Amino acid sequence: MVFEWVAAELSGTDAVVFILYRLGIGIALGTLSGFALRWFFTRGIAISNQTARLVSLTAVFACFVLSEHLGNESGILAVAIFGIILGTSEFPYKENIKEFKSDIVTVMLSLIFILLAAMLKFEDIQRIGVSGIVLVLLLIFFIRPMAVFVSMWNSRLKTNEKLFLSFIGPRGVVPTSIATYFAIKLDSMGIPGGQALVGLVFLTVIITVFLSGSLSKKIAEMLEVIPMEILIIGGGKVGRILAERFDRRGENAVVVDISGSNCKKCMDLGIRTIQGDAGDVNVLKKAGIENAKYVVATTNKDDTNLLFCQIAKTSFGFGGEQLVARVNEIENLQAFWNLGIRAISPAMTTAVMLDNMIGRPHLFSMCEVGGEGDMMEVKVTNPRVIGKAIKDIQFPEKSLLVMVQRGSDSIIAHGSLVLEYEDIVTVIGEGDATKKTADILYK
């Protein structure tokens, strides 16, 4: 719309009317189309998944074409509004349509990149010269960081996380396709500069993709924003639940399992999964054990869990505090403990929890955080809370500080306890209260 405004050389009231008219057309048609399609799908009419896909695609095309007919350059806005309404609504066939959309996006992106690259002339990039490179660097190191910090000034992201987002900003098919369209339109109108615009955008894509691809990991390590990598051996029910919990709290969990069905169940949950024998060093390397901070053995075979822990210790140098194992038979616990491996027995844990339910319901309610609760250990590094008593710090209502580990001492958390630098605090809470408390303690 801005391009059409510039090309039309409008000013004053005419320019305002021009923009508002197209905004109105796009918003109105997008909203109407989105609610109409949602209404159609929720009427209870039984249709096949293939028909639902066809109806959705037809509705998108109809919305775009009608919006463009009523106000040129308003079609993209209309289908964007259309997508927002459907994406935030619940209706039958939604997952099927999302999967169909993903397939279309993959195919179209591949075709568009090939077509756009075929139209590129390297002399257009060469003609821009050093001034073009300076402009791209200005975009990367000044304009994008400014946009990130302004748009996220009130977010919970830390400064180093915002800096990382500022650096990771590869440009792709959207700017290149739009720039190519602008170039074609400008050439047809006899206005010079279209090819220079295409060259500048392609130069931006090349530089940003190269920087993001080659330096992102090093920048992430320098800013300490890489999620903790955790390797889980066993994709059964315990391993899947554990991997889901790690994923929800932002950690990078990888599951290794020899069973194809278990791997498929993990992948359906969006968890990175490697199929193979955990006793094979090459499989473990493929899964990223060399970069993992913790490894967890969750299979239902104690000998497998013990063998894996021994391989992790001897071949990859993991310490006992980095190894956690599930022990299915209580009599095998001592073997794990003798190797310095932190191990837990589901049978013993269940018995302890049941014991706490009888005669001590309040103790059990503190431990039973359920599917919506969480428990974590947090290192105190925030200068704003160091040296303050717990009672003087405002924590979320549904959170509780249980224990403070200070060196080799374990201290029960109480209101008068003053927090010190690098205290390890055990926090329990409901919903996202645990995460909010962790953000207060760790900065």
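**Helix packing and the sheet**

Mentor: Helix α3 (residues 49-70) and helix α5 (residues 94-119) pack at an angle of about 60°, their axes 10 Å apart. Axes are lines fitted to C-alpha atoms, for helices over the stretch in contact, and angles run from 0 to 180 degrees between N-to-C directions. This is a predicted model: local features need pLDDT of at least 70, side-chain atom pairs count only at pLDDT 80 or more, and totals for chains, interfaces and linings use all residues. Residues are numbered from 1 along each chain as its sequence is written, and side-chain values use heavy atoms, leaving out hydrogens and water.

Trainee: Why is α3 called oblique to α5?

Mentor: Under 35 degrees is roughly parallel, over 145 roughly antiparallel, 65 to 115 roughly perpendicular, and the rest oblique. The angle is about 60°, so α3 is oblique to α5.

Trainee: Which residues of α3 and α5 meet?

Mentor: N49, A52, R53, S56 and L57 in α3 meet N96, I97, E99, F100 and I104 in α5. Contact means heavy atoms within 4.5 Å.

Trainee: What makes β3 and β6 edge strands?

Mentor: The open sheet has 6 strands, ordered β3-β2-β1-β4-β5-β6, with parallel pairing. Strands (E, at least two residues) and helices (H or I, at least four) are DSSP runs, numbered from the N terminus. β3 (272-275) and β6 (342-344) each have a single partner strand, so one side of each lacks a neighbour in the sheet.

Trainee: How do you know that β2 and β3 pair?

Mentor: Pairing requires at least two DSSP bridges between two strands. Strand β2 (residues 252-257) and β3 have 4 bridges, in the parallel sense. By the definition, they pair. V254 stands opposite R272 in β3.
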